[in-house]
Amino acid sequence: MTIDWLPDRGIRRAILALGAAGLTVIATGALLEAFWLLGLGVWAVIAAMMIELVYRP
């Protein structure tokens, strides 16, 4: 049996939320043809990936 460490779950939720929000903004930007929304979404996904790479429990 493994015991989840609470900060790890919080970081994991933050990564998933940031990635999902980024993908939603990317899809919205693509539909509206708004490059600033695409850029914002891409930076959100990049931030989620960087947090995942840096914070390895």
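**Helix 2, side by side**

Let's start with helix 2, residues 35–54. It has 20 residues, and at 1.5 Å a residue they should span 28 Å. The end C-alpha atoms are 28 Å apart, so expectation and model agree. Keep in mind that this is a predicted model.

Now, which residues of helix 2 are buried? Leu37, Gly41, Ala44 and Ala48. They cover an arc of only 55° around the axis, which puts them on the same side of helix 2. An α-helix has 3.6 residues a turn, so residues three or four places apart point the same way.

Turn to the other side of helix 2. There, Phe35, Trp36, Trp43, Met49, Leu53 and Val54 are exposed.

Some of these names come back in a surface patch. The patch is nonpolar, and its members are Val42, Trp43, Ile46, Met50, Leu53 and Val54. Together they have about 640 Å² of accessible area.

Take one member, Ile46. It sits in helix 2.

Now the whole protein. How many helices and strands does it have? Two helices, zero strands. There are 57 residues, and buried ones make up 16% of them. The protein exposes about 4,600 Å². Carbon and sulfur atoms supply 75% of that area.

Last, contacts. Take those between residues at least 6 apart in sequence: 52% of them join residues at least 24 apart.

Definitions and conventions:
Residues numbered from 1 in each chain as written. Predicted model: local features only at pLDDT ≥ 70, side-chain atom pairs only at ≥ 80, totals over all residues. Heavy atoms only, no water. Helix = DSSP H or I, 4+ residues; strand = E, 2+ residues; numbered from the N terminus. Buried < 20%, exposed > 50% of the residue type's maximum accessible area, 1.4 Å probe, protein only. Contact = heavy atoms within 4.5 Å. Areas by Shrake-Rupley, 256 points an atom, 1.4 Å probe, with all protein chains shown as cover. Expected span 1.5 Å × (residues − 1). Arc of directions from axis to C-beta. Patch = residues over 30% accessible without salt bridge, like charges linked within 9 Å, V, L, I, M, F, W, Y side chains within 5 Å. Salt bridge = Lys/Arg side-chain N within 4 Å of Asp/Glu carboxyl O.
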